[in-house]
Amino acid sequence: MTLLLHERDDRGVVTLTLNRPQAFNALSEDMLAALGDAISALAQDDSVRAVVLGASGKAFCAGHDLKEMRAEPSLEYYQRLFAQCTEVMLSIQRLPVPVIARVHGLATAAGCQLVAMCDLAVASHDARFAVSGVNVGLFCATPAVALSRNVPRKPAFEMLVTGEFISAAQAHALGLVNRVAAPEALDDEIEAMVASIVAKPAVAVAMGKALFYRQLEVGIEAAYDDAGATMACNMVDPSALEGVQAFIEKRKPQWAAPV
């Protein structure tokens, strides 16, 4: 199965579709590599005007592939994995054209991070968002970097420490998504946004996007370095290893009592 589907129209609008529906489009290493390679190629293509990032199946993205993560519990592996993910996330921001997330179903953990790192997002009414790693003992440190740059501090922190879902309407009110549409109108809403963007001069949009993040995101790479190191260290802690294993086995985690 092709992990990432590519489509392109005659305007230079590219649609990338995450295609692991059986795994809720979890970001395996191979999926991250495919997404990273696609974005790198688009960055070299001056004819691209906009990118729509969607997903197949019932969900947008359930975050990292926990089974894959649990199979190799070493600090070095987790550091490498989160560095790979960070580079993909940052490449979206560095891309000179707007990237629009097309969100339906769930967007959790690194999937919610992916929505937050896109320049724009349109969600179906049925979409739900969470940074739910804390439910398995793993604080969503790297998603926190993106989430806290979209959502006000207190709602962002509440999401991070409770792991609870918010609705598409709440995500819109908090600024995580730009627009919300009925499922049958989702593509029409995205097309309206895309049409408005491609009607503008490409150079102005490219310069504007670069400036927008240059002035707004000072310190983000340092924040990601810290968050990635924190998340890797967290993942080798017994509580996170047990929490992830319990998730895989569909049981309640048996965490040790706090000392």
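**Figure 1. Helix α9 gives the second largest pocket the largest share of its lining, 5 residues.** The model is predicted; local features need pLDDT of at least 70, side-chain atom pairs count only at pLDDT 80 or more, and totals for chains, interfaces and linings use all residues. Residues are numbered from 1 along each chain as its sequence is written, and side-chain values use heavy atoms, with hydrogens and water left out. The second largest pocket holds about 490 Å³ of space. Its lining counts 24 residues, of which Cys-118, Asp-119, Leu-120, Phe-212 and Tyr-213 lie nearest the centre. Two or more lining residues come from each of α4, β6, α5 (141-147) and α9 (202-216). By class, 16 lining residues are nonpolar, 4 polar and 4 charged. Here Ala, Val, Leu, Ile, Met, Phe, Trp, Tyr, Cys and Pro count as nonpolar, Asp, Glu, Lys and Arg as charged, and the others, Gly among them, as polar. A pocket is an open set of points, on a 1 Å grid over the protein atoms alone, where a 1.4 Å probe fits, with protein on both sides within 12 Å along at least five of seven lines; lining residues have an atom within 4 Å of a point. Grid points are joined across faces, edges and corners, and a volume is the space filled by probe spheres set on the points. Helices (H or I, at least four residues) and strands (E, at least two) are DSSP runs, numbered from the N terminus.

**Figure 2. The largest pocket has a volume of about 730 Å³.** Its lining is made of 30 residues; Ala-62, His-64, Leu-66, Thr-108 and Phe-247 lie nearest its centre. The elements giving two or more residues to this lining are α2 (66-71), β5 (106-108) and α11 (238-249). Helix α11 provides the largest share, 4 residues. The lining divides into 18 nonpolar, 8 polar and 4 charged residues.

**Figure 3. His-64 sits in the loop between β3 (50-55) and α2.** With a relative accessibility of 8%, His-64 counts as buried. Buried means under 20% relative accessible area, exposed over 50%, and partly exposed in between (1.4 Å probe, protein chains only). Neighbours within four places in sequence aside, His-64 is in contact with Ala-26, Leu-27, Leu-32, Met-69, Leu-81, Phe-82, Cys-85 and Ala-110. Contact means heavy atoms within 4.5 Å.

**Figure 4. Tyr-224 belongs to helix α10 (residues 220-235).** Tyr-224 counts as buried, at 1% relative accessibility. Beyond its neighbours within four places in sequence, Tyr-224 is in contact with Thr-86, Met-89, Leu-90, Gln-113, Met-117, Thr-142, Val-145 and Ala-146. Ala-144 is 80 residues from Tyr-224 in sequence; C-alpha to C-alpha, the two are 9.3 Å apart in space.

**Figure 5. Six strands form an open sheet of mixed pairing, in the order β1-β2-β3-β4-β6-β9.** Strands β1 (4-8) and β9 (179-181) stand at the edges; each has a single partner strand, so one side of each is left without a neighbour in the sheet. On average, neighbouring strands of this sheet are turned by 20 degrees against each other, direction ignored. Strand β4 (residues 99-103) pairs with β6 (residues 120-124) in the parallel sense, over 4 bridges. Two strands pair if DSSP finds at least two bridges between them. Ile-100 has Leu-120 in β6 as its bridge partner.

**Figure 6. Strands β5-β7-β8 form, in that order, an open sheet of 3 strands with mixed pairing.** The edges are β5 and β8 (166-167), each with a single partner strand, so one side of each lacks a neighbour in the sheet. Strand β7 (residues 128-130) and β8 run antiparallel, joined by 2 bridges. Phe-129 stands opposite Ile-166 in β8. Helix α4 packs on the sheet, touching β5 and β7, and its direction makes about 95 degrees with that of β5. Axes are lines fitted to C-alpha atoms, for helices over the stretch in contact, and angles run from 0 to 180 degrees between N-to-C directions.

**Figure 7. Helix α4 (residues 110-117) is largely enclosed by the rest of the structure, because 8 of its 8 residues are buried.** Among them are Ala-110, Gln-113 and Met-117.

**Figure 8. Pro-183 is found in the loop between β9 and α8 (186-198).** At 46% relative accessibility, Pro-183 counts as partly exposed. Pro-183 is in contact with Ser-124, His-125 and Asp-126, leaving aside neighbours within four places in sequence. Gln-170 and Pro-183 are 13 residues apart in sequence and 17 Å apart in space, C-alpha to C-alpha.
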